[in-house]
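Visitor: I am new to this structure. Please take one part and walk me through it closely.

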Amino acid sequence: MRLPGFVVATAAAAATVFVALVEAQDTSIIRGDGPPAPSLTRTAALGSWTPKASSDGLTKPSLTGMGRTIYINSASDFCLLMPPDPTTQNLVDAEAIATSYCINPINGTRPMPDGLIKTAHFRRTPEYVQISGTYDPAVMNLGSNDCGGEYDSEGAEGVGNPVGVTMRNGSYFSQFMGACDIPGSPVFCLRMCPSYEYCRNTFDLMGCLWTQPGDYDQPQAFTNCDANADLPTGVYNSSYTFSQGMSVTPPPVTAPASSNCKTVASPTASGVTYSWNQVAAASPAASSTSKSNGGSSGSTSGSSSGGGSKSGAASALGPVNVYALGVTVLLGVVAGGALLV
Ligand SMILES: *[C@@H]1O[C@H](CO)[C@@H](O)[C@H](O)[C@H]1NC(C)=O
Ligand SMILES: *[C@@H]1O[C@H](CO)[C@@H](O)[C@H](O)[C@H]1NC(C)=O
Ligand SMILES: *[C@@H]1O[C@H](CO)[C@@H](O)[C@H](O)[C@H]1NC(C)=O
């Protein structure tokens with residue numbers, strides 16, 4: 001199944017900022033559905049950020065760190081797992097090898113690039129803490145129609161996806177990041193739980209809106225809320241629990257009630273812009289993303305190698321959000337007219 005015609009260009013907005021800085025790039029290597037692959041191979045960063053001296057005895061954060069510690073403190077302070085080198089890796093490619101990007105990086109993690117997080121909503125519930133929101137894929141050279149991947153505390157071998165992830169706020173976690181839940185508005189979500197049933201990794205194709213109902217569509221808002229947890233993931237009532245793979249997928253449950261919501265300021269800019277953002281944002285072709293290359297590296301959770309050349313198309317074959325796919329297909333036909341299924 002391929003979705004080549006469905007394109008929403010979000011990269012264009014940032015396109016002018018870094019034009020003056022762009023280096024020569026070879027447009028003949030453009031591939032995939034995402035922004036053109038930069039010719040750069042280095043992963044150096046631009047900006048004024050310097051790591052704080054670490055006083056906790058742990059590895060210092062750095063722009064090239066490979067730390068896999070994740071935390072959620074608030075809407076303006078959390079981490080997300082993402083590819084260490086998004087010039088060659090999609091979200092799904094990086095499931096086993098992702099590194100942690102944090103707003104206040106710790107323990108060998110990297111700083112979150114400025115401009116990535118557009119909105120973020122924090123929920124503290126009795127059963128989990130959760131952060132959800134929208135992001136600008138161009139900032140991490142991620143495809144604007146990359147359906148993304150799922151990272152969790154178990155992975156195929158029970159050692160985490162990525163391997164060796166360390167959680168500060170729970171014993172289990174699940175993170176989705178991708179552009180197919182809400183076409184044109186890529187979303188992320190990260191939930192950490194003390195117990196497994198609210199952070200199950202058995203819904204790895206279902207996406208944010210289905211597995212982590214919350215606040216996704218409040219433009220430009222950063223909020224911290226208390227919230228109910230309601231029932232464990234997949235449980236609808238005492239007589240019906242959905243398992244991924246059942247022939248009928250029920251709609252997502254309504255987001256649990258929230259309270260004490262406070263709007264907070266967006267995270268303070270750190271000055272970090274990774275070079276892949278510079279190249280992707282400066283590319284005039286970044287909004288023309290419907291090319292495909294027949295990539296086939298898509299895979300289910302836990303079986304990706306992380307190697308090989310990047311293919312935005314591959315992600316449509318990977319952990320596609322099966323609930324949202326119906327929505328995507330519908331809108332894709334209307335908006336794109338070029339959808340092949
Ligand atoms: C720091 O990261 C290492 C691996 O990179 C991990 O083993 C360790 O548990 C982490 N420590 C803390 C306190 O997060
Ligand atoms: C997450 O864990 C850290 C370290 O234990 C803690 O300081 C922080 O308050 C926790 N976050 C939330 C939202 O409870
Ligand atoms: C349980 O939830 C399912 C799915 O929403 C619904 O179809 C069914 O009627 C519910 N059953 C009860 C007893 O509430």
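Guide: What follows is a close look at one strand, its partners and the ligand beside it. Keep in mind that the model is predicted.

Start with strand 8. It covers residues 129–135. Is strand 8 buried or exposed? Seven of its seven residues are buried, so the strand is largely enclosed by the rest of the structure.

Now look at where the residues point. In a regular strand the side chains alternate between the two faces of the sheet. In strand 8, Val129, Ile131, Gly133 and Tyr135 point one way. Gln130, Ser132 and Thr134 point the other way. Both sets are buried.

Next come the partners. Strands of a sheet pair through backbone hydrogen bonds, either parallel or antiparallel. Strand 7 spans residues 117–124 and runs antiparallel to strand 8. Seven bridges join strand 7 to strand 8. Find Ala120, and you will see Gly133 of strand 8 opposite. How many residues lie between strand 7 and strand 8 in their hairpin? There are four.

Strand 8 also pairs with strand 12, which is made of residues 187–193. Six bridges join strand 8 to strand 12, and they run antiparallel. Here Ile131 has Leu190 of strand 12 as its bridge partner. Ile131 is also one of the residues that point the same way as Val129.

Which residues surround ligand 2? They are Tyr71, Ile72, Asn73, Arg124, Val129, Arg168 and Asn169.

Strand 3 covers 72–74 and is an edge strand. The sheet is open, with four strands in the order 3-4-5-6 and mixed pairing. Its other edge is strand 6, at 110–111. Each edge strand pairs on one side only. Inside that order, strand 4 (residues 77–82) and strand 5 (residues 99–102) run antiparallel and are joined by four bridges. Met82 faces Thr99 of strand 5.

For contrast, turn to ligand 1. Around it are Leu58, Gly67, Arg68, Thr69, Asn107, Gly108 and Thr166. This shell holds one nonpolar, five polar and one charged residues.

Notes:
Residues are numbered from 1 along each chain as its sequence is written. Chains are lettered from A and ligands numbered from 1 in the order in which they are written. This is a predicted model: local features need pLDDT of at least 70, side-chain atom pairs count only at pLDDT 80 or more; totals for chains, interfaces and linings use all residues. A residue is near a molecule or strand if its C-beta atom, placed from the backbone, lies within 6 Å of it. Two strands pair if DSSP finds at least two bridges between them. Helices (H or I, at least four residues) and strands (E, at least two) are DSSP runs, numbered from the N terminus. Ala, Val, Leu, Ile, Met, Phe, Trp, Tyr, Cys and Pro count as nonpolar, Asp, Glu, Lys and Arg as charged, and the others, Gly among them, as polar. A residue is buried if 20 or more other C-beta atoms lie within 10 Å of its own, exposed if 12 or fewer, and partly exposed in between; C-beta atoms are placed from the backbone.
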